[in-house]
Amino acid sequence: MVKRAVNEFVKGLWEEIPPFRLVLGLCPTLAVTKTVENALGMGMAVIFVLTCSNVIVSAVRNLIPKQVRIACFIVVIATFVTIVELVMQAFTYPLYLKLGIFIPLIVVNCILLGRAEAFASKNGVIYSLADGLGIGIGYTLALSALASIREIFGYGTFYHISVFGPSFKPFSFMVKAPGAFVCLGLMLCIMNMFKKK
Amino acid sequence: MRDILKLFLAVTIFSAISGGLLAFVRSATQARIEYQQLKFVKGPTLKEIMKGCQNDPIVDRFKVKCGKKEKTIFVGVFNGKPKVIALEAFGKGFHGDIGVMVGIDVTTDKILGIGVTTHGETPGVGSRVKTDPSFRTQFKGVSVNESVKVKADGGQIDAVTGATISSRGVCKAVNNALALYKKLKPEILKRLKNFKSKKLSS
């Protein structure tokens with residue numbers, strides 16, 4: 001049992017890492033990866049919401065009638081997203097201002113409903129917890145990786161700390177929208193190269 | 001029929017639980033959210049006005065009834081006494097309302113300082129009413145019984161060059177704040193008498 005739980009956790013970190021392998025949740029992946037700080041904030045929010053909603057959905061999976069399961073899942077997810085939004089406003093207001101609309105938009109993020117429907121509604125609580133944590137952390141890692149590349153080349157900083165010194169001319173294409181697409185595309189390409197081997 | 005009832009019940013119960021939970025979280029975080037919003041939206045302006053105060057004016061705020069609405073009053077402590085209050089008022093600018101925070105010394109009834117909090121003025125032109133310190137400082141020392149006007153209207157304030165309408169908007173907001181202060185003064189003084197700062201820094 002422990003081994004399976006560990007497997008469910010680990011698969012989210014590489015094998016099924018959401019933006020690269022499942023190619024889900026791309027909207028925030030492209031939008032909030034200008035800086036590592038934003039990416040980490042977004043990642044934390046997703047970890048919390050995904051883990052909680054996975055656990056709740058799997059705990060009540062036998063009580064929900066089949067016909068209305070999607071509606072119930074969305075209610076669960078939306079509840080946790082709203083909690084995250086309120087807590088963020090109360091404790092990390094500047095981050096909340098930066099992430100803006102993308103926090104409430106976690107509700108319609110495909111990863112969450114996808115995990116609830118494809119995994120949590122068919123598996124036990126502990127496996128769902130492991131799955132939620134794994135996928136959430138994988139998502140955070142992926143966002144951070146993308147954000148690191150974009151921030152280092154686009155602003156010349158990493159987590160607001162200067163990397164190249166003052167003589168570096170920022171390559172501002174990287175922090176604009178096209179830079180996000182190009183960067184994500186290259187990363188997907190690299191991931192696929194690994195997969196082929 | 002029974003099936004429909006079951007579906008209905010499932011969704012209702014789910015929504016009710018989540019609604020209750022959210023109401024609880026909201027009431028638990030409300031005070032802090034209000035504080036954070038004030039701190040990041042009005043905080044910088046307040047700090048400027050109340051330079052050298054010994055407390056946190058956002059923590060030491062209270063609300064005064066003004067007609068049907070409530071007005072938030074921020075209190076600044078100087079030399080251990082609640083000496084300055086600040087309140088926000090609005091005046092019509094070039095693009096929508098300009099919000100101005102006005103700090104008033106209650107012992108002398110004079111303006112201690114003003115600062116623009118929100119505005120939609122043209123960047124680089126009208127927006128200078130917020131950023132230009134020499135415009136701001138002209139309001140210092142004006143008595144609450146005077147009314148402020150730009151020089152073009154026969155008043156005492158030099159308008160920001162090229163932004164007369166924005167400057168007028170600020171004057172209007174300041175006048176509104178002064179009028180509010182005069183109206184609310186008895187209530188404010190009563191509250192200040194029993195005032196005790198929640199957090200004092202030495």
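Is Arg4(A) buried, partly exposed or exposed? Arg4(A) is partly exposed, because its relative accessible area is 33%. Buried means under 20% relative accessible area, exposed means over 50%, and partly exposed is in between (1.4 Å probe, protein chains only).

This is a predicted model, in which local features need pLDDT of at least 70, side-chain atom pairs count only at pLDDT 80 or more, and totals for chains, interfaces and linings use all residues. Residues are numbered from 1 along each chain as its sequence is written, chains are lettered from A and ligands numbered from 1 in the order in which they are written, and side-chain values use heavy atoms, with hydrogens and water left out.

- Side chains of opposite charge can pair when their charged atoms come close.
- A salt bridge here is a side-chain nitrogen of Lys or Arg within 4 Å of a carboxyl oxygen of Asp or Glu.
- The structure holds 16 salt bridges over all chains.
- One of them joins the side chains of Arg4(A) and Glu8(A), at 3.2 Å from N to O.
- Glu8(A) and Arg4(A) are separated by about one helical turn, because they are 4 residues apart in helix α1 (residues 2-11) of chain A.
- Helices (H or I, at least four residues) and strands (E, at least two) are DSSP runs, numbered from the N terminus.
- Glu8(A) counts as buried, because its relative accessibility is 11%.
- A network of salt bridges links Arg4(A), Glu8(A), Lys11(A), Glu16(A), Arg115(A) and Asp131(A).

**Salt bridges in chain B**

- Glu88(B) and Lys42(B) form a salt bridge, with their closest N and O atoms 3.1 Å apart.
- Glu88(B) lies in strand β3 (residues 81-92) of chain B and Lys42(B) in the loop between α1 (2-41) and α2 (43-49) of chain B, so this pair ties together parts that are 46 residues apart in sequence.
- Both Glu88(B) and Lys42(B) are buried.
- Lys185(B) and Asp109(B) also meet through their side chains, in a salt bridge of 2.8 Å from N to O.
- Lys185(B) sits in helix α5 (residues 164-193) of chain B and Asp109(B) in the loop between β4 (97-105) and β5 (110-118) of chain B, so the pair ties together parts that are 76 residues apart in sequence.
- Lys185(B) is partly exposed, because its relative accessible area is 22%.
- Asp109(B) counts as buried, because its relative accessibility is 17%.

**Helix packing in chain A**

- Axes are lines fitted to C-alpha atoms, for helices over the stretch in contact, and angles run from 0 to 180 degrees between N-to-C directions.
- Helix α5 (residues 69-91) and helix α7 (residues 110-120) of chain A have axes that come within 10 Å and cross at roughly 130 degrees.
- That angle makes α5(A) oblique to α7(A).
- Angles under 35 degrees count as roughly parallel, over 145 as roughly antiparallel, 65 to 115 as roughly perpendicular and the rest as oblique.
- The α5(A) and α7(A) crossing is right-handed.
- A crossing is right-handed if the near helix is turned clockwise from the far one by less than a right angle, and left-handed if anticlockwise.
- The axes of α7(A) and α8(A) are 11 Å apart, and these helices pack at an angle of about 150 degrees.
- Therefore α7(A) and α8(A) are roughly antiparallel to each other.
- The crossing of α7(A) and α8(A) is right-handed.

**Nonpolar patch on chain A**

- A nonpolar patch on the surface has about 990 Å² of accessible area together, and Phe153(A), Tyr159(A), Phe164(A) and Leu186(A) are among its residues.
- Among the elements of chain A, α8 (125-154) and α9 (177-196) give two or more residues to the nonpolar patch.
- Patches are made of residues with over 30% relative accessible area and no salt bridge: like charges are joined within 9 Å, nonpolar side chains (Val, Leu, Ile, Met, Phe, Trp, Tyr) within 5 Å.
- Accessible areas come from the Shrake-Rupley method with a 1.4 Å probe; for residues, only the protein chains shown count as cover.
- Tyr159(A) is in the loop between β1 (157-158) and β2 (161-162) of chain A.

**Loop residues in chain A**

- His160(A) is found in the loop between β1 and β2 of chain A.
- His160(A) is not a glycine, yet its phi is positive, at about 65 degrees.
- Val23(A), in the loop between α2 (18-22) and α3 (26-31) of chain A, has a positive phi near 50 degrees.
- Leu13(A) is in the loop between α1 and α2 of chain A.
- Leu13(A) and Ile137(A) are 124 residues apart in sequence and 6.8 Å apart in space, C-alpha to C-alpha.
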